Amino acid sequence: LVGFCRKRLQHQLAQRNASAKEIDDVSQVLNSEALTIGFARRFATYKRGTLLFRDQDRLAALLNNPDRPVQIIFAGKAHPADNPGKELIKNIIQTAKDPRFRSSIVFIEDYDINVARYLVQGVDVWLNTPRRPLEACGTSGMKAAANGALNMSILDGWWCEAYNRSEEHTSELQSH
């Protein structure tokens, strides 16, 4: 996954006529030993693709922990008429340029079945953060689960059907 993403990022930069140094710097992006979170889907505001960015100092501390590094790979597209969805993508790209996140947050453009294949097979955690009850199904999370990724989700879409709250867990939740 890391190698695939680096190649895609180099291609993206080359398409923008980036300098040779910028393209070469991509070799420092992502860490094959880091916990990898994936977020790939159609970008719409209710899916809250930038929810993790609300507290950037906390996010930087989580992503840059030398003992437990974490990274996030974003991919997806907004509907051509969805300007707020496009703004979410711009926000992710701008955040990824921040020196605190340059090596640990990436956005893979031109999301397609090939990108999806690498992501659902390669991430450790699949992130799904829609506003309830707006997620129609969330099948990307199903594909990630079938490939061994953990799901971090709210109880919406398919996840509320897959979730099995045990009595022990229920009483634990009620005590908090």
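Buried means under 20% relative accessible area, with exposed over 50% and partly exposed in between (1.4 Å probe, protein chains only). This is a predicted model, in which local features need pLDDT of at least 70, side-chain atom pairs count only at pLDDT 80 or more, and totals for chains, interfaces and linings use all residues. Residues are numbered from 1 along each chain as its sequence is written, and side-chain values use heavy atoms, leaving out hydrogens and water.

Helices (H or I, at least four residues) and strands (E, at least two) are DSSP runs, numbered from the N terminus. Helix α5 covers residues 113-122, and its buried residues are V115, A116, L119 and V120. Down the axis of α5 these buried residues fall within an arc of 120°, so they line one face of the helix; the arc is that of the directions from the helix axis to the C-beta atoms.

A nonpolar core is a set of buried Ala, Val, Leu, Ile, Met, Phe, Trp, Tyr and Cys residues joined through side-chain atoms within 4.5 Å. The largest one has 21 residues, and I108 and L119 have the most contacts inside it. Two or more of its residues come from each of α1 (2-15), β2 (70-78), β3 (105-108) and α5. A second, separate core has 20 residues, including A78 and I92.

T36 belongs to strand β1 (residues 35-43). T36 counts as buried because its relative accessibility is 6%.
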